[in-house]
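Good morning, colleagues. Please take a moment with the sequence and the model, and then I shall go through a few selected features.

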Amino acid sequence: MNFLILIVKGFIIGLAKIIPGVSGAILAISMGIYEKAIYSISNFFKKPFENIKFLLPLVIGVFLAIVIGSKAVLFLINNFYLPTMLLFIGLIIGGMTNIFNKIKLKDLTKFQYLIMTICFSFVFLLSFVGKQNYFITSHNSFLDTIIFIIIGIIDAVTMVIPGISGTAVMMLLGLYDILLELLGSLTNFNTIIANLNLLIPYAIGIIATIFILSKIMNYLFNKKETTTYCGIIGFATSSVFMLFLDTLNKDYQLIEIIISLMMLLIGTLLARSK
């Protein structure tokens with residue numbers, strides 16, 4: 001796959017870390033790179049050069065999105081909320097058609113339908129959990145190290161498991177501002193050095209968790225593919241449903257609705273044209 005195309009796809013996935021309710025893993029599935037990314041990470045040392053060739057542009061894209069694109073996305077959400085959200089909803093919907101093509105609904109077992117229902121309900125119920133401040137930074141360096149390892153673990157879980165928005169979870173746990181400030185420090189060399197005591201444990205938590213979860217997801221795709229896709233469909237449909245509900249909380253002008261529907265169509269076509 002073209003290096004530049006992978007950077008663009010990584011950039012789109014990175015933007016999902018900023019937009020509440022949008023799952024980067026679901027977008028990765030929509031763009032046809034999730035399974036390969038999971039395989040490359042879980043089998044990294046078997047073919048390191050080949051895996052680096054695939055993963056590096058994705059990492060570059062995600063990094064650029066977080067460092068450069070965050071302000072642009074926040075501006076679009078604050079000023080053009082409906083068109084921005086419907087574009088990402090379109091990206092998810094477009095990719096879901098590819099997921100449904102991998103399974104036959106009439107052949108699913110009761111257990112697989114149960115998995116789908118549980119995953120749908122999990123995201124649905126998660127959106128109603130009130131924001132809590134479970135984590136606060138302290139003046140104890142050891143405790144801060146543990147806290148940011150845990151934050152890295154939580155962030156990695158939301159990156160790997162499709163349908164769970166990392167930003168939404170971080171908001172629910174009261175971690176969004178802490179994480180945004182930490183990631184914002186990546187734009188300045190001096191602040192990077194100053195925050196190394198937090199960035200390093202955060203990175204350790206992310207890298208270790210992504211590697212472990214990638215092996216689990218790779219196993220599930222190989223051994224329990226249909227059941228795994230049932231769970232992903234549950235996560236994805238619930239995410240789309242909740243995102244649509246969230247857009248109904250505001251009043252819009254007719255021209256804005258028309259443009260937004262066009263963005264929904266564009267997002268759907270982009271995801272299906274992978």
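I begin with Thr228, which sits in helix H12, the run covering residues 225-247. Please keep in mind throughout that what we are viewing is a predicted model. Is Thr228 buried or exposed? Its relative accessibility is 10%, and because the limit for burial is under 20%, Thr228 counts as buried. Which residues does Thr228 touch, once neighbours within four places in sequence are set aside? The contacts are with Met217, Leu220 and Phe221.

Phe221 leads us to the aromatic residues. Together with Tyr34 and Tyr229, Phe221 forms one aromatic cluster.

Across the whole structure, a search returns 5 aromatic pairs. One of them joins Phe120 and Phe241 in a tilted arrangement, with 6.2 Å from centre to centre and 40° between the planes. This pair connects distant parts of the chain: Phe120 belongs to helix H6, residues 110-126, while Phe241 belongs to helix H12, and the two are 121 residues apart. Phe120 has a relative accessible area of 28% and is therefore partly exposed. Phe241, at 37% relative accessibility, is likewise classed as partly exposed.

A further pair is made by Phe122 and Phe235. Here the geometry is edge-to-face, with the centres 6.4 Å apart and the planes at 80°. This pair, too, links distant parts of the chain, with Phe122 in helix H6 and Phe235 in helix H12, a separation of 113 residues. Phe122 is partly exposed at 43% relative accessibility, whereas Phe235 is buried, its relative accessible area being 12%.

The largest pocket holds about 1,200 Å³. How many residues line the largest pocket, and which lie nearest its centre? The lining consists of 39 residues, and those nearest the centre are Val59, Val62, Met159, Ile206 and Ile210.

Which helices supply at least two residues each to this lining? They are H1 (3-15), H2 (24-30), H3 (34-42), H4 (48-79), H7 (141-160) and H11 (196-223). The largest share, 9 residues, is provided by H4. Sorted by class, the lining comprises 31 nonpolar, 6 polar and 2 charged residues.

That concludes my remarks, and I would welcome discussion.

Note on methods: Residues numbered from 1 in each chain as written. Predicted model: local features only at pLDDT ≥ 70, side-chain atom pairs only at ≥ 80, totals over all residues. Heavy atoms only, no water. Helix = DSSP H or I, 4+ residues; strand = E, 2+ residues; numbered from the N terminus. Buried < 20%, exposed > 50% of the residue type's maximum accessible area, 1.4 Å probe, protein only. Contact = heavy atoms within 4.5 Å. Phe/Tyr/Trp six-rings, centres within 6.5 Å; stacked < 30°, edge-to-face > 60°. 1 Å grid on protein atoms, 1.4 Å probe; cavity = no way out; pocket = protein on both sides within 12 Å on 5 of 7 lines; lining within 4 Å. Points joined across faces, edges and corners; volume = space filled by probe spheres on them. Nonpolar A, V, L, I, M, F, W, Y, C, P; charged D, E, K, R; others polar.
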